[in-house]
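Welcome, and please open your viewer. This tour goes from stop to stop, telling you what to select next and what is there.

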Amino acid sequence: MTALDALLVLATGLGAGILSSTVGVASLLSFPVLVALGLPPVVANVTNTLGMIPAGLGGVVGYRQEVREGGRVAVVIVVVCAIGAVLGAALLLGLPPGVFEAVVPWLILFTCLLVAIQPRISAWLRARHEQQHGEQRAERRHMSPATTAFATLTGVYGGYFGAGAGVMMVAVLGLGTDLELRIVNGLKTLSLMVGNIVAGLIFVVVADPRWDVAGLLAAGSLVGGYVGARIGRKLPDSVFRGAVVAAGVVAALLLF
């Protein structure tokens, strides 16, 4: 690896870390760069997963207030995403290549639609509850069994494939709870960190990463993750929602 290559990987880590803590599509940037540098796809995938772990750490530190405000939801997210990542990694190792990839772009596009219309769905559900019960619906500050199940499935997807997993978690928590969007973004970043740690530990056993590349990527992503969290906390809800949808659409189009 030349000095120019090393600088490119470091800058890629910085940019991917910012994307991870804002719109949740870091691999759109980092994975293609690693492949372009000549890493085989499997090695690039493992190296990328390991290199993006610090992005999650930096992002969670940046979102520490939001994660604390998430309370019990944050604890549930850690548990279900860890379990989901193990199951997802097992599916990756056990299923033939290409089993799931054909539906991934459509899944991401559907998730983008949910993120875009989530405020209208939530308002309709509140109005319907008031009509049926004659009282205002209490704020949902905890995850229902259905929301927990969908969060677990998102964790499985993150461990198996990963592209757009952050967008999916925003949709799940946005529809399944009444948490503020900034808290949802912090919890999304937490979920990506947990998934990367668990999947990375598993993938290290089955494939040899490029540790020099992973180290440079990690250094850049640690800073990028923290910077991205500082940016994400200041974004208005409408801007953040639009950015998530746009990133998800780009991810889906690139995967077709």
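Is Glu-66 buried or exposed? Glu-66 is buried, at a relative accessible area of 2%. Here buried stands for under 20% relative accessible area, exposed for over 50%, and partly exposed for what lies in between, with a 1.4 Å probe and protein chains only.

Before moving on, a word about the model. It is a predicted one, where local features need pLDDT of at least 70, side-chain atom pairs count only at pLDDT 80 or more, and totals for chains, interfaces and linings use all residues. Residues are numbered from 1 along each chain as its sequence is written, and side-chain values use heavy atoms, with hydrogens and water left out.

**Stop 1: the salt bridges**

The term stands for a side-chain nitrogen of Lys or Arg within 4 Å of a carboxyl oxygen of Asp or Glu. Arg-233 belongs to helix α11 and Glu-66 to helix α5, so this pair ties together parts that lie 167 residues apart in sequence. Helices are DSSP runs (H or I, at least four residues), as are strands (E, at least two), and they are numbered from the N terminus. Arg-233 is partly exposed, with 27% relative accessibility.

Together with Glu-66 and Arg-233, they are linked in a network of salt bridges.

How many salt bridges does a search of the whole structure find? The search finds 5.

For another of these, select Glu-180 and Arg-141, whose closest N and O atoms are 3.5 Å apart. Glu-180 sits in the loop between α9 (165–176) and α10, and Arg-141 in the loop between α7 (104–133) and α8 (145–160), so the pair ties together parts 39 residues apart in sequence. Glu-180 is partly exposed at 35% relative accessibility, and Arg-141 is partly exposed at 29%.

Next, select Arg-210 and Asp-212. Their side chains form a salt bridge with an N to O distance of 2.9 Å. Arg-210 is partly exposed, with a relative accessible area of 32%, and Asp-212 is partly exposed as well, with 36%.

**Stop 2: inside, along α11**

Select Leu-217, a residue of helix α11. Leu-217 is buried, with a relative accessible area of 0%. What does Leu-217 contact, leaving aside neighbours within four places in sequence? Its contacts are Val-9, Thr-12, Gly-13, Ser-30, Leu-34, Thr-47, Asn-48 and Gly-51. Contact here means heavy atoms within 4.5 Å.

Ser-221 counts as buried, at 0% relative accessibility. Not counting residues up to four places away in sequence, Ser-221 touches Gly-13, Leu-14, Gly-17, Gly-51, Met-52, Pro-54 and Ala-55.

**Stop 3**

Select Pro-209, in the loop between α10 (181–206) and α11. Is Pro-209 buried or exposed? Pro-209 is buried, with a relative accessible area of 11%. Beyond residues up to four places away in sequence, Pro-209 touches Val-43, Val-46, Thr-47, Leu-50 and Val-204.

**Stop 4**

Show the surface and select Leu-14, Leu-57, Val-61, Leu-222, Val-223, Tyr-226, Val-227 and Ile-231. These residues make a nonpolar surface patch of about 610 Å². Patches are made of residues with over 30% relative accessible area and no salt bridge, joining like charges within 9 Å and nonpolar side chains (Val, Leu, Ile, Met, Phe, Trp, Tyr) within 5 Å. Two or more residues of the nonpolar patch come from each of α4 (53–62) and α11, and α11 gives the most, with 5 residues. One of the patch members, Tyr-226, is partly exposed at 34% relative accessibility.

Finally, select Arg-64, Arg-68, Arg-230 and Lys-234, which form a positive surface patch. Two or more of its residues come from each of α5 (64–70) and α11 (211–234). Lys-234 lies in helix α11 and is exposed, with a relative accessible area of 71%.

Methods: Accessible areas come from the Shrake-Rupley method with a 1.4 Å probe; for residues, only the protein chains shown count as cover. Lys and Arg count as positive and Asp and Glu as negative; His and the chain ends are not counted. The place of a charge is taken as NZ of Lys, CZ of Arg, CG of Asp or CD of Glu.
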